[in-house]
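Here are some friendly notes to read alongside the model. Please keep the sequence and the 3D view open as you go through the points.

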Amino acid sequence: MSMMSLTFLTAFLPAVFLLYWAFRKQISVQNCILMIGSLVFYGWADWRTLMILIACIVITYVGGLLYESSGSQTVLKVSLVLNFLILIYFKYTNFILATIGMAPLEIILPAGVSFYVFQSSTYLFALLQGSGTVEHNPVNYALFVSFFPVIMSGPIQRSNTFLPRLKNQKHLSYEQFEKAILLFLWGVFLKLVIADRLALFTDPVFDAFEEYSGLMTLTGMVLYSFQIYADFSGYSLMAMAVAQLFGYPLDENFRQPYLALTIADFWRRWHISLTSWFRDYVYIPLGGSRQGRWRQYRNIMIVFLISGLWHGAAKRFIIWGALHALFQIIGHISLPLRKTVTDFLHINRKHIIWKSIQRLNVFVLTTFAWVFFRAYSVSAAIGIFRCLVHFSIVFDLASTGMKSWDKNIILIALPLLACVSVLKENGFDSSMILKRTWSRWIVYLILMISIVLYGMYGPGYSASNFIYEGF
Amino acid sequence: MKRLYVKRAFRIFGFLILSAVLWWFGCRTLIMKRDDGILPMQNFYQQPEGTVDVLILGSSHAGVNIDLETIWRNYGYSAYTLWGSSQPFWNTYHFMVEALKYQSPKVIVVDVYASVYQHEYADNERQVTNTEGMRLSLNKVKAIMVTAPQDRWADLILSMPIYHKRYKELDAEDFRHYPWNIELSDFKGGSTRYGSNWTVPIEYSYSDAVTPMTEKEEEYFRKIISLAHDRGIPLILIKTPTSLQEEQQPYYNYVKQVAAEYDEPVYILNEMTDILGLETPDFSIDNSHLNTQGARKVGNWLGGMLAKYDLTDHRGDERYVSWEHFCRNSSHTYLTQITELKDWLAEVERDGYGLVIAPGAATDITPDVQDRLGQYVYVSTEGDLCGSLVTVSQNDGIVLWLNGDEVFRTREKGWFFAAYDPAVGEFVDYAMFESVNDSWMQRKEAPNLLDYE
């Protein structure tokens, strides 16, 4: 089930919400309702994928129990391996077979498998590190792994923070409810009005780049950077809003990534839950930055290669990850030189112009790397760059799916997104606009009308295709 | 604390009401204003209570092939055609259910052309036009569920997904269709068409063969008859005249068989063209539809049929003034569709319009033309216009003869004609006719007089 579907919005969410809060003093009943709801949510489109989710839950849950009874860490490691084997089998088997020249198998890729395997593994990692406790209640544990707002595209939750919440009484204040609605509407706006409208331009340009001029290709590259941000952050906001409706405040998954000053900073702001997962369970166990500069660079490279693979079983994702690792390593190596140069030129590194140059630099680098992420193959990505080399300024909007009206809407919506990002970066809190009834209503109505009128939905359109649901 | 909760509950309720109003307003504005399916249903709700005596249902054949103006002008019966193009029986049935919620017709007429359809679902566009005009109700939901496959139900029920992108093509007409606009009740579903643009010869072929309808069509055809019988409303089943393809007749024969089970006759008007006076193809606009001249003949025949049901002649009744308005608007529209001068003058004469004629060089005919009669010919409608007006092509231009007198001679190729409806005090058509030969003048594109208003 998609969070954008009518079934979810008009039946599933209201039903689960009302049932859940009807038992607000019986935590175990609430958890049971949420757990059953989550399984229904996940198995709605294809019940067979539910078996894979249940396998993941059973492997990690039983692993924890066996570890408690035996005290052997080997049990946890075996559970971890088995858990990751689920991911490897469903996501990477055909990639491996193709790499060694064998015919692919007919394997369905369960939606969100990368997310729930990573989420459930945090439980085993926590036990291994001695920072977690064994969860005995199977309902609570199953809910932790399958919690429906986050199962498809995150944010990836940690067992150490999520499992204890399951035992606490939940509260939903009027203010939290309103904030959740605003978050949800803003998330839908980002997805339907911005991301899916930008796709009208980027899809044809990336999929048939040979037919487009250098200027259009360049525009497509820039727009894709905004598209993927609006798409994924939109989903994350919706997930946060829905979780909040059930009394689960989630940490933000995006923090104005295109206002980052360096690539490392970008990754502290982009898909924060995944980045922190890699930091805690890959980068730090590998030694992090504690064993010398070159080991640190090696660790960065490993983390980003795995991150690339996590996003997709294809060479282009590996290259995308490698590029980000290289950007960081080069940035790290060149830091003393850049400092010297700026000092020599008496450049104030805190000045807005210098910061803007740094932000532009980050945007250009990430946009460059997104080409490998979005292109359908490595050779296609190279073809796109060739279009830039043989640059021509022909710009024919009509040759894409984007029409003049779409362009006008984008010209309003993107600056709006930029304004909101800058305001948030400067500490603006959305609760400020929720203080007064009239301002709240105006914001709600503007968002609702914009979504209803300018959203990309209706016949021939599938709102369920969030970019990150593919992972 | 309790006061706070009540206050918040009111706020939420208020916001939901405001959202619902905006949603309704958006839907009403954005919906396609199509004469096909949507407006006939939407404007049916605007009809004065208890005024629709004759309800005509069916596909475009019902909408185009029966002239409601003739039924009103000749018999005074208040008929409304609730139609949608390519409408299957399941949509006709749900239209009928919807109509019976709001009106109590004395007779229901159903065109049975849908019996020839073989599809499980009509095309996507027809799924929209045959359901979207209905108000949201259980009947609409049921109609959608039988009209479209499941993956389209949500879009059709919510409606907005279908037409929300129309924001970029809205015009003044889109902001006219709100319930408080009483002019909407002047709409009666019928439409006018001029010309004979058929592409294959109009032929009526007959067959005794019988081919069953699809199960789904038959199920809803039976439901239509049963519903009429349950409500005690007389039913007239007809197949309006079209170029009868040999492969279609067996379906109509089957319809007759099914209807006979309910003691209902079926009037296949294709078999009655001699009675109707439709022997020549001049009355067909294409191979499936009659033009207005043909539809008038069918309307006249149907009026005669309806006379058997003891219906009231409502002409002159103030409650039925919207039918007068419909006829007036229909006549005006039809006049603007006519391309040949001879037919145009015949229509002007029929409707009792005044006439202004000016040589081709005159491009400034405006509503104040009557004050400047010195420059133009003004002809009243008394007398036989068609017989008296003659155009002659000559080397030195065109001569206009009226009642045997030469009234105009000009080197211009064409003439401007303006029709004036004294009943409304307005010019209702403004056309330039150009000489094609000595006796034939054809309409050329000209700015509509209404543009001046």
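1. Helices here are DSSP runs of H or I with at least four residues, strands are runs of E with at least two, and both are numbered from the N terminus. His346(A) is not a glycine, yet its phi is positive, about 55°. A residue counts as buried if 20 or more other C-beta atoms, placed from the backbone, lie within 10 Å of its own, as exposed if 12 or fewer do, and as partly exposed in between. His346(A) is exposed, because it has 6 other C-beta atoms within 10 Å.

2. Before going on, a word on the source. This is a predicted model, in which local features need pLDDT of at least 70 and side-chain atom pairs count only at pLDDT 80 or more, while totals for chains, interfaces and linings use all residues. Residues are numbered from 1 along each chain as its sequence is written, and chains are lettered from A and ligands numbered from 1 in the order in which they are written.

3. Now look at Gln256(A), in the loop between α10 (214-245) and α11 (263-269) of chain A. Gln256(A) also is not a glycine and has a positive phi, of about 45°. Is Gln256(A) buried or exposed? Gln256(A) is buried, because 20 other C-beta atoms lie within 10 Å.

4. Chain A is assigned domain 1 (6-170) and domain 2 (176-465); such bounds come from an automatic or database domain assignment. Their C-alpha centres are 27 Å apart. Two residues are in contact if their C-beta atoms, placed from the backbone, lie within 7 Å. Between the domains, 18 residues of domain 1 of chain A touch 19 residues of domain 2 of chain A. On the domain 1 side, α1 (6-22), α4 (73-99), α5 (113-129) and α7 (148-151) of chain A each supply at least two residues. By class, this side has 12 nonpolar, 3 polar and 3 charged residues. Ala, Val, Leu, Ile, Met, Phe, Trp, Tyr, Cys and Pro count as nonpolar, Asp, Glu, Lys and Arg as charged, and the others, Gly among them, as polar.

5. How many residues does each chain bring to the contact between chain A and chain B? Chain A brings 12 residues and chain B brings 18 residues. On the chain A side, helix α19 (residues 437-454) gives the most, with 6 residues. That side holds 10 nonpolar, 2 polar and no charged residues. For the complex, the predictor gives an ipTM of 0.77 and a pTM of 0.83.

6. In chain B, helix α7 (residues 138-147) has Lys140(B), Ala143(B), Ile144(B) and Thr147(B) as its buried residues. Seen down the axis of α7(B), these fall within an arc of 100° and so line one face of the helix; the arc is that of the directions from the helix axis to the C-beta atoms. They pack against α5 (89-102), α6 (124-129) and α8 (153-158) of chain B.

7. Thr292(B) sits in helix α13 (residues 292-306) of chain B. Thr292(B) counts as buried because it has 27 C-beta neighbours inside 10 Å. Beyond its neighbours within four places in sequence, its contacts are Asp67(B), Thr192(B), Arg193(B), Tyr194(B) and Tyr334(B).

8. A last point is confidence: pLDDT is the predictor's confidence in each residue, from 0 to 100. Chain B averages a pLDDT of 85, and 82% of the residues score at least 70. Over residues 447-453 of chain B, the pLDDT is below 50. Where pLDDT is low, the predicted coordinates should not be read in detail.
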